[in-house]
Amino acid sequence: MPEFAVWAPNPERVRLDVDGAVYPMARGDDGWWRATVEAAPNARYGFLLDDDPTVLPDPRSPRQPDGVHARSALWEPTAAAWSDGDWAGRSVEGAVIYELHIGTFTPEGTFDAAIGKLDYLADLGVDFVEVMPVNSYSGTHGWGYDGVLWYSVHEPYGGPDGLVRFVDACHARGLGVLIDAVFNHLGPSGNYLPQFGPYLSSASNPWGEGINIADADSDEVRRYIIDCALRWMRDFHADGLRLDAVHALVDTTAIHILEELSTETDQLSARLGRPLSLVAESDLNDPRLITPREDGGYGLTAQWDDDIHHAIHAAVSGERQGYYADFGSLATLAHTLRNGFFHAASYSSFRGRRHGRPLDTSKIPATRLLAYTCTHDQVGNRALGDRPSQNLTFGQLAIKAALVLGSPYTAMLFMGEEWGSSHPFQFFSSHPEPELARATAEGRKKEFAEHGWNADEIPDPQDPHTFERSKLDWDEPGVGEHARLLGTYRELIALRRNETDLADPWLEHLQIDFDEENRWITMRRGRFVVACNLGTEAVTVPVRGEVVLAWDEPKVGDDITELPGQSVAVLRAVDN
């Protein structure tokens, strides 16, 4: 008989409801309530707190077949569902990661439909698939960051069985899997945790209610987070996690929860016999996240690096609004590529203060930082959700790709970027509560109106068309300039994978030259030089050698190479 257990120190009485039959539960001194009763393998169950007749889902629910407001369902992964026993795994360091959103990656928006595109990803040459959050949230579609039942898998995607099939299929094709996990806040609909115990903190959080990881009674809440993280990697065979906005995890304890999670992840890795990676999203530019624990850091594997994104995007696009204000020059781009961070205890005009901390490039390899030209945030959090490919030339897109994939950093793509998708990726939601739906739409319009946008132009997140517009068009990759750009991405990824010079992770070996006036920049990695002309007119750059791939046709002379406007060439260099 299965044992049912729930941590619920708040109520005076907790009863278990299994398929309509109600059973008493016994409370331990630790605030956990337990009961062992007969139940079918897929029984629907929940908890009754005190005299409230509402059956609440399990905070550690393994499955929510009828949504986040309904009963939970028993579910256990079965060994027979897996065929990846030979999967040895790999670390994310130096890899090429492909971020995707299950709901918009295919027309169907399911795990099974995404499996049908995995051969395409393997042919592209990527090493990892990173899925935006797949935990349960209210509504049918959304970005997934409003999760309220972190242990269960969103049913419209295919539920936990669908995720098992997806991860298993990825491993069969040599693709690792990262799952985006959100532990810094809870969504606005279906969050019943405060009725069970002190899960929430008084700390402010811009996205929702913050989590109690340092106040009184926080030990079990920390355990709730860490157990959830380990479950994705143990029960669902994920190769690691992307940890959302870790700067919003307010932890004043001596052992930060990220360090604690890192320690337990390494222990799980040793037990499983395969690498497990933790990749942080952080706004702090703080190298302590990726500094080994024995050197006083948190010991995470890698972190996203928005400074690299901003430096590349502003230099290529010319945009200077908001946080792009400090970026745009080639000098800034060169400095950021050489040092990992641009803001490293330096003044940020966007923040109005000093920001960041220098990275010790002699001790921390570049592969612990992720470089990218697109992410769900950098596209979807624009007012119109417009991609760079909707505003830039294909030559400019090729330059951005070469600067990322030709760099020593771990590289990440966002779905559709590789062929210059013409579809936006907009912010969408499907809150079933009318008041919440209205507040979400009005809040989005107000936010961008304050930054000068016409409120009437801002897409309504609740409009189903906003969701539909954000789906990829799989007819595009095979036609015209889309196909040509896709070919360039494939060549860049293959070059990165096959040439040992491009595997050197040390920034001290990276050589960069640029000409601010003539708008060219070169990035040398051993024998290879990535030469980019960001201007519209042809320029000459002081490198020579064999062209191994190019956008447009460079002319190689005895001592120089002429690059057409808005083009890039990768050369196997010959020194003068």
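Domain bounds come from an automatic or database domain assignment. The model is predicted: local features need pLDDT of at least 70 and side-chain atom pairs pLDDT 80 or more, while totals for chains, interfaces and linings use all residues. Residues are numbered from 1 along each chain as its sequence is written, and side-chain values use heavy atoms, without hydrogens or water.

The lining of the second largest pocket takes at least three residues from each of domain 1 (3–56) and domain 2 (97–307 + 362–397 + 409–474). A pocket is an open set of points on a 1 Å grid over the protein atoms alone, where a 1.4 Å probe fits, with protein on both sides within 12 Å along at least five of seven lines; lining residues have an atom within 4 Å of a point. Its volume is about 510 Å³, counted as the space filled by probe spheres set on the points. Of 19 lining residues, R60, P62, W75, E76 and R231 are the closest to the centre. β1 (3–7), β6 (44–49) and α6 (219–234) each give two or more.

The largest nonpolar core has 149 residues. Such a core joins buried Ala, Val, Leu, Ile, Met, Phe, Trp, Tyr and Cys residues through side-chain atoms within 4.5 Å; buried means under 20% relative accessible area (1.4 Å probe, protein chains only). Y98, L121, V134, L163 and F166 have the most contacts inside this core. α6 gives the most residues, 9. A second, separate core of 11 residues includes L178, A302, W304 and L370.

In helix α9 (330–339), the buried residues are L330, T332, L333, A334, T336 and L337. G340 follows α9, with a positive phi near 90 degrees.

Note on methods. Helix = DSSP H or I, 4+ residues; strand = E, 2+ residues; numbered from the N terminus. Buried < 20%, exposed > 50% of the residue type's maximum accessible area, 1.4 Å probe, protein only.
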